[in-house]
Amino acid sequence: MALTDNRYILDWVNAQIDLCRPSKVLWIDGSKAQLDELRQQGFATGELIELNQELLPGCVYHRSDPSDVARVEARTFICCEKQEDAGPTNNWMAPAEMRAKLKDIYAGCMDGRTMYVIPYAMGAVGSPFAKYGIELTDSIYVTVSMAIMTRVGTEVCAAMGDAADFVKGLHSNAQLDPERRYIAHFPQDNEICSVNSGYGGNALLGKKCFALRIASCLGRDEGWLAEHMLILGVQNPAGEVRYVCGAFPSACGKTNLAMLIPPEAYREKGWKCWCVGDDIAWLRPGPDGRLWAVNPENGFFGVAPGTSEKTNPNALASTMKDSIFTNVVLKPDGTVWWEGMDKNPPRGALNWKGEPWDPDSGVPGAHPNSRFTAPAKNCPCISPEFDNPQGVPISAIVFGGRRARTAPLVYQSRNWQHGVFVGSIMASEKTAAAEGKVGEVRRDPMAMLPFCGYHMADYWQHWLDMEQRITNPPVICNVNWFRTDEQGKFLWPGFGDNLRVIEWVLKRAFGEVDAVDSEIGYLPRPEDINLEGCGVDMETLRGLLSVDKTLWRQETAGIREFYAKFGEKLPAALKAELDELERRLG
Ligand code: OXD
Ligand code: MN
């Protein structure tokens, strides 16, 4: 039975039923009883596998098709009317052309299947930040995942009332045919169509598709920012909590920073960290002129390999109940394992493809992009403000990447405009794990390269324009945990010790510490970074904070080349910042 009498919703759902022709339609009310029943059905069809309920209560296992294990950027499209509005960093197709293609693919695709109708909220229901969506899907995995990653069900329908402004999302596994796989966004219609992929990043439409690509367009039109950022609360010994947002490309330890555990010397003094979000932040100017942030999600969809009791005990603890594991190793005792969890790979286990796996084979048992989907409320350091409908006030934004030599451990931009420049030139060097040449620089502005739903240069202009609305802006810094010595050894310990850098950033935000001007921005005085108990000496720290002008001159040449892609649309303010950086470098 439909959970709403909203005509806009019912008309749209009915049109999709006519197109996809499911045998059954089930509205998701968000009740435990209904989700339990769905899990049982998933066990019966094999879509889900029940895990050891004593050790992992409420947890299930899922394998995606081996051809369908990651986001597919090549098949992801922004279908706005004009190609120039999608920009050079997005795939574009004219809406009519994409709709015609999709119509054929969706026609009858749910024959013999159930269509699940999922009303969901991004943001706490009723929050002034919240936005609502309906996802239609034929996947039980997607349905139970959405119930973790977002707020779903009856209360969402009530909050939507009879409004027309919800985001429409149609997902079908169809035949999981990679040749007919599309992740299409229609920003002018608030609509997402995803077909032939069951992988989370392509199929859980609330996440990247809505909360970043569609929301970035809503933010442009409504005067706010949808960002690929973690939100971290840092509580000092006086009990004051200051909040920082952070944008990092993948493989830079974003989830670890979001759930940071302070070093012992800090814990002893009473420092605590709180996770508000690990992946996405929606930021709005508040009445006080500050920037306020919410995490629109309700769970974590984290990369499993590398997550351990050492690297991120909070993430691991979050997965201990009511979670979903995808494409990890399935142990004979009905628990799970992945590379980097510990040094005891299990015997007699099944790999991510469901095949018997020999840990001595040299082949990983878990897919490198295997995932856990865990409720945020399971996280031991989840912020008490997690559900606060007003969000949290942001004092600092940090951008970061993986750079062996160029970027210092931290530097602060001179002002908002310079900060936008610093975000726009974000880059990471390829590691051996990624495709491409090791050391090659991949530019990923604000970590939004695959997630910005419109022209990247217009997005930069929107960031620049936000300055008018934020009278008390956060400081903007760049951090780099990955500086190496001549031998390629990391100079900075990272993980919990990153708090030492965040402490400096937050002190800068509150005018509590001086800094040194340099060609690229403000640098810490080495004595202002607390090294107590971290095993890094002053000399190493000086090296970590040094700026190699020759490398930076090469860097500006790379930035110029990157900026050239955006032609006339490149904001004049960013061009001026690049000119100024070159002038300072001499
Ligand atoms: C993610 C990503 O899955 O950024 O969060 O790719
Ligand atoms: Mn992400």
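S145 lies in helix α5 of this predicted model, where helices (H or I, at least four residues) and strands (E, at least two) are DSSP runs numbered from the N terminus. With a relative accessibility of 0%, S145 counts as buried; buried means under 20% relative accessible area, exposed over 50%, and partly exposed in between (1.4 Å probe, protein chains only). Leaving aside residues up to four places away in sequence, S145 touches L204, I324 and T373, contact being heavy atoms within 4.5 Å. The model is predicted, and local features need pLDDT of at least 70, side-chain atom pairs count only at pLDDT 80 or more, and totals for chains, interfaces and linings use all residues. Residues are numbered from 1 along each chain as its sequence is written, chains are lettered from A and ligands numbered from 1 in the order in which they are written, and side-chain values use heavy atoms, with hydrogens and water left out.

I324, one of the residues touched by S145, stands in β19 opposite V60. Strand β3 (residues 60-62) and strand β19 (residues 324-326) run parallel and are joined by 3 bridges; two strands pair if DSSP finds at least two bridges between them. Both strands belong to an open sheet of 5 strands with mixed pairing, in the order β2-β3-β19-β24-β18. Its edge strands, each pairing on one side only, are β2 (49-50) and β18 (299-303). Strands of a sheet pair through backbone hydrogen bonds, either parallel or antiparallel. The antiparallel sense is found between β18 and strand β24 (residues 371-375), which pair over 5 bridges. In this pairing G302 stands opposite F372 in β24. Of the 5 residues of β18, 4 are buried, so this strand is largely enclosed by the rest of the structure.

Helix α2 (residues 32-45) has 14 residues and should span 20 Å at 1.5 Å a residue, which agrees with the 20 Å between its end C-alpha atoms; the expected span is 1.5 Å times one less than the number of residues. Q34, L35, L38 and G42 are buried in α2. These residues are on the same side of α2, because they cover an arc of only 95° around the axis, the arc being that of the directions from the helix axis to the C-beta atoms. An α-helix has 3.6 residues a turn, so residues three or four places apart point the same way. The cover over the buried residues of α2 includes β1 (24-27), β6 (114-122) and α5 (140-149). On the face turned away from the buried side, α2 carries the exposed residues K32, A33 and A44. G46, with a positive phi near 90°, follows α2.

The manganese ion (ligand 2) is coordinated at 2.2 Å by K208 (NZ), H228 (NE2) and D279 (OD). Donors are N, O and S atoms within 2.8 Å of the metal (3.2 Å for Na, K and Ca), and sites may look incomplete since water is not among the atoms. Along the chain, the donors of this manganese ion follow the spacing K-x19-H-x50-D. K208 lies in helix α8 (residues 206-222), whereas D279 is in the loop between β15 (272-277) and β16 (281-285), so the pair ties together parts that are 71 residues apart in sequence. K208 is buried, with a relative accessible area of 7%, and D279 also counts as buried, at 10% relative accessibility.

With a disulfide taken as a pair of cysteine sulfur atoms within 2.5 Å, the count comes to 0 disulfides. For C252, the nearest cysteine sulfur is that of C477, 17 Å away. C252 is buried, at 2% relative accessibility. For C452, which is likewise in no disulfide, the nearest cysteine sulfur is that of C217, 7.1 Å away. C452 is buried, at 0% relative accessibility.

Positive phi values also occur at residues other than glycine. N190 has a phi of about 50° and is found in the loop between β10 (182-186) and β11 (191-195). This asparagine is buried, with a relative accessible area of 17%. A447 has a positive phi of about 60° and is found in the loop between β28 (441-443) and α13 (456-466). A447 is buried as well, with a relative accessible area of 1%.
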